[in-house]
Amino acid sequence: MTFSSLGLAEPLLQALGELDYKTPTPVQAQAIPAILGGRDLMAAAQTGTGKTAGFALPLLQRLAMEGTRAASNAVRAVILVPTRELAVQVHESITAYGRHLPLRTYAVYGGVSINPQMMKLRKGLDILVATPGRLLDLHSKNAVKFAQLQALVLDEADRMLDLGFSREIDALLALFPKRRQTLLFSATFSDPIRTLAASLLANPLSIDASPRNTTAANIKQWLVPVDKKRKTDLFVHLLKKHGWRQVLVFVKTRNGVDQLVDTLTAKGYQADSIHGDKPQPARLRALDRFKAGEADILVATDVAARGLDIDDLPHVVNFDLPIVAEDYIHRTGRTGRAGATGEAVSLVCADEVQLLSAIEGLLKKTLSREEEPGFEPEHRVPMTDARGQVLKKPKKPKKSKLAKAAGAA
Ligand code: AMP
């Protein structure tokens, strides 16, 4: 199959040729014709399978073909994303795909000054990528108008519709015109979210380009059981032992991130961090340094888990397991992208066994355990099974008094 057989126009085919995209991925093959035909869509696709191009290409084409101009402060299409980093990344992809089309696109997100964003919106935009909170702020300042909005994309839709965002999403939906094309893309869809999503869509086409709640097959995943207090030592040991460069490490708390970066820096490693307490420019700078290979280790909270596309990222380390099992899939999805191989290792202590079993239940498989010599834990991590259950230790048979007496002798 080729991109041209999907009905894409020459300026887009030219850009894809320049980017060396040769064949459409499964989600692209299904989504592109449907979106070009005006359908609403609910698409489940694994991370790293090309879903951004799946919605961006047909959207660019529809907007370009119509040739209408966006009025002052108006936007013709909105793409909502959960994080600022993802907004930047999706916009970069759209700029690359649309480089031969005369469309105006932009990304807005919080944590940076709102004024340049208001200026940019003045002339109107064809596509606006936005985080929900900042889009509402812009609307309250009359900087953005939705009367011309004809297409809405919810990227990482499960998270967008999740509790954390539901009020903002509801507020925005009330502002958007009812007649529009709506596209939902996500790596994971829980059943309640599917039901909620269905209420937003008109006669949607449902695409399942990958089995639900799975990680890519080309990622080697394993865990190392370890005592909580020895995690840092173990991590440094693994770094040395495997000679890892370009490692993305996930830590539960912002404090934990800072501590690990301090330890690594003291040991002479080039490490940087991304978390919610850091100002936006510093976060983007850390990501750029990591992508450019200037920092070998990027330590992050789950802010960085979703959507970031880092070429050839070979190693993901879960220093702490995520609280939400689905985030494990998003974290490991940072490696093994676009068919490359990758590895994801989790350092698991006894306290985390419930989190581990929730992850294994979601994946419907157990992660292989590989003890690291010298780091065998004193507090054993209880065994778990692929149904997401923690197995009770078999009770030791009680010794009889006689046997005890014999043993003591
Ligand atoms: P995404 O899942 O949208 O984040 O895309 C993951 C990666 O795959 C990105 O680096 C894209 O540039 C790349 N990609 C997307 N579609 C294709 C394609 N058809 N051929 C080659 N690479 C692709």
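**Exercise 1. Determine which residues stand opposite L80 in β4 and in β5.**

Solution. L80 stands opposite A130 in strand β4. On β5, the residue opposite L80 is L154. Strands here are DSSP runs of E with at least two residues, helices are runs of H or I with at least four residues, and both are numbered from the N terminus. Two strands count as paired if DSSP finds at least two bridges between them.

The structure is a predicted model, in which local features need pLDDT of at least 70 and side-chain atom pairs count only at pLDDT 80 or more, while totals for chains, interfaces and linings use all residues. Residues are numbered from 1 along each chain as its sequence is written, and side-chain values use heavy atoms, with hydrogens and water left out.

**Exercise 2. State how many residues of β2 are buried, and what follows for the strand.**

Solution. Begin with the term: buried means under 20% relative accessible area, exposed means over 50%, and partly exposed lies in between (1.4 Å probe, protein chains only). In β2 (residues 75-80), 6 of the 6 residues are buried, so the strand is largely enclosed by the rest of the structure. For the protein, buried residues make up 53% of the 409 residues.

**Exercise 3. Describe how α2 lies relative to α3, and α3 relative to α4.**

Solution. Two packed helices are described by the angle between their axes and the distance between the axes. Axes are lines fitted to C-alpha atoms, for helices over the stretch in contact, and angles run from 0 to 180 degrees between N-to-C directions.

- Step 1: the axes of α2 and α3 come within 8 Å and cross at roughly 25°.
- Step 2: α2 and α3 are therefore roughly parallel to each other. Angles under 35 degrees count as roughly parallel, over 145 as roughly antiparallel, 65 to 115 as roughly perpendicular and the rest as oblique.
- Step 3: α3 and α4 (residues 84-97) pack at about 50°, with their axes 10 Å apart.
- Step 4: α3 and α4 are therefore oblique to each other.
- Step 5: residues of α3 that meet α4 include F55 and L60, and those of α4 include V90 and Y97.

**Exercise 4. Give the order of the strands in the open sheet of 7 strands, and name the edge strands.**

Solution. The order is β10-β11-β9-β12-β13-β8-β14, and the pairing is parallel. The edge strands, each pairing on one side only, are β10 (271-274) and β14 (368-369). Within this sheet, β9 (residues 247-250) and β11 (residues 297-300) pair over 4 bridges. V249 has V299 of β11 as its bridge partner.

How values were computed. Contact = heavy atoms within 4.5 Å.
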